[in-house]
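Here is a short report on one protein model and its ligand. Please look over the sequence and the structure first.

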Amino acid sequence: MAKQMHDTPNLDELEKGPWPSFVTGLKRLAKENDMMVDLMGQLETSYKTKFGYWKGGTVGVVGYGGGIIPRFTELKNEKGVPLFPEAAEFHTLRIMPPAGMHYSSNLLREMCDAWLETGGSGLIAFHGQSGDIMLQGVKTENVQAAFDKFNEMGFDLGGAGPALRTSMSCVGAARCEMSCFDEARALRIVINNNIDDMHRPSLPYKFKFKFSGCPNDCVNSIQRADMAVIGTWRDNIRVNEARVQDYYKAHGMSDLVNDVISKCPTKAITLVSSDKVQASDTTSVAALGDGNSLCIDNKNCVRCMHCLNVIPGGLLPGNDKGVTILVGGKRTLKIGDLMGTVVIPFMKLESDEDFEKLNELGRTIIDFFAENALEHERTGEMIERIGLVNFLEGIGLEVDPNMINHPRTNPYVRTDGWDEEVAKWNERKQAAA
Ligand code: SF4
């Protein structure tokens, strides 16, 4: 017989809006689960008093230094007895998802059963902001059994604390026509080779890799990753003329001009009378079938993805695909939010050697971060403190002017020594020509 529900007038309010409420889900679980009954009691108290009542502690599983987020209640009576005893321990297991977050429905059912069978609350978040599968709500005594069960199913704990964190890659080549590299392979190589830094936290602070197959950047790697790997291309946008014409027939000239041509941030797209099109090696052309053609000047395209997104299948990434690598993205901490800075404007990522190069670069950056960052300092803040030129020298990368758009207007980049680096880059370019 399940415990009687607490009164939850504040939580009930959250069910009244037009959208599905998490409260309804909690109530459903609470019908058969006393832990959820007491969780709702504690949550209702927080809504009344506007205070949170969870504190941390130390909970782990054998052989791992992280991956469990301990939560103990602070809501106790004067004798120290928890007011909501069934939810007095409500720990979270961070589980690494498969790359690209592909699951079969059978596996999802197995995971739900396994979580309940091992004493879990039944609450699972796919996926937390950290990218993990969050198994939320388990007592200390059941943590090891829950982990063992998921481990048997082939899952491993993710990262927590000052460690390499769980990585994310977009759904990628499996389902997306914009994908420019094998995201899942890149993720697995880099994470598997550095897994020790995930399970035994010993870095100055968290370190995240994220992998997006194209510049749409569906896993927000620019904003969130210490090292972001983003697919791109360096030749011309590919054109499927029939699909462009389908778009044109369905939407008309007004949408083509207002939604595609005028939204190009660099004015790289023009509408030209078909008999005046000047073909060149760097122009993509799609005849619209009414005497006009859509022309894209690829030298001026900044890969913003807008036109490709608006005409899906009609405009596609080029054939010469690869990745751009950025470092230092992060949310607010010591200094404000930072976007990643380009350290490798373009590299191919196809052969075993290419993937090994990526893996080595990742390891080098982690090592440099481990040795040079201050306590509780993210990579972006470390670079801000020591200067980008010093960071690049430290990880052995040659400075390349293509790393930034405007050397003299970008306040993030320290430009001391920049002129000399540009001169060196010009020499290298001439030598290679
Ligand atoms: Fe313009 Fe290139 Fe963006 Fe298309 S992807 S809108 S051509 S900048």
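Gly 231 stands opposite Val 323 in E15. The model is a predicted one. Strand E9 covers residues 227-233, and strand E15 covers residues 321-327. The two run antiparallel, joined by 7 bridges.

Strands of a sheet pair through backbone hydrogen bonds, in either a parallel or an antiparallel way. Here 5 strands form an open sheet with mixed pairing. Their order is E7-E8-E9-E15-E16. Strand E7 (168-169) and strand E16 (341-347) stand at the edges. Each has a single partner strand, so one side of each lacks a neighbour in the sheet.

## The ligand site

Where does the ligand sit? It sits in the largest cavity. There are 13 residues around the ligand. Those that come nearest are Cys 264, Cys 301, Val 302, Cys 304 and Cys 307.

The shell around the ligand has 10 nonpolar, 2 polar and 1 charged residues. Which helix gives the most to this shell?

## Two contrasting positions

Thr 379 lies in helix H12, which spans residues 379-386. Is Thr 379 buried or exposed? Its relative accessibility is 0%, so Thr 379 counts as buried. The cut-off for buried is under 20%. Leaving aside neighbours within four places in sequence, Thr 379 is in contact with Phe 207, Asp 226, Gly 328 and Phe 369.

Gly 60 lies in a loop, between strand E1 (54-55) and strand E2 (68-69). Its relative accessibility is 47%, so Gly 60 counts as partly exposed. That class lies between the 20% and 50% limits. Not counting residues up to four places away in sequence, Gly 60 touches Ile 68 and Val 143. Gly 60 and Val 143 are 83 residues apart in sequence. In space, their C-alpha atoms are 7.6 Å apart.

## The whole protein

The protein has 433 residues, and buried residues make up 45% of them. Its secondary structure comes to 14 helices and 16 strands. The C-alpha atoms fill a box of roughly 85 × 55 × 40 Å, taken along the principal axes.

How much of the contact total comes from residues 24 or more positions apart? Among contacts with a separation of 6 or more, such pairs account for 65%.

Terms used: Residues are numbered from 1 along each chain as its sequence is written. This is a predicted model: local features need pLDDT of at least 70, side-chain atom pairs count only at pLDDT 80 or more; totals for chains, interfaces and linings use all residues. Side-chain values use heavy atoms; hydrogens and water are left out. A residue is near a molecule or strand if one of its heavy atoms lies within 4 Å of it. On a 1 Å grid over the protein atoms alone, a cavity is a set of points where a 1.4 Å probe fits but cannot get out, and a pocket is an open set with protein on both sides within 12 Å along at least five of seven lines; lining residues have an atom within 4 Å of a point. A molecule sits in a cavity or pocket if more than half of its atoms lie within 2 Å of its grid points. Ala, Val, Leu, Ile, Met, Phe, Trp, Tyr, Cys and Pro count as nonpolar, Asp, Glu, Lys and Arg as charged, and the others, Gly among them, as polar. Helices (H or I, at least four residues) and strands (E, at least two) are DSSP runs, numbered from the N terminus. Buried means under 20% relative accessible area, exposed over 50%, partly exposed in between (1.4 Å probe, protein chains only). Contact means heavy atoms within 4.5 Å. Two strands pair if DSSP finds at least two bridges between them.
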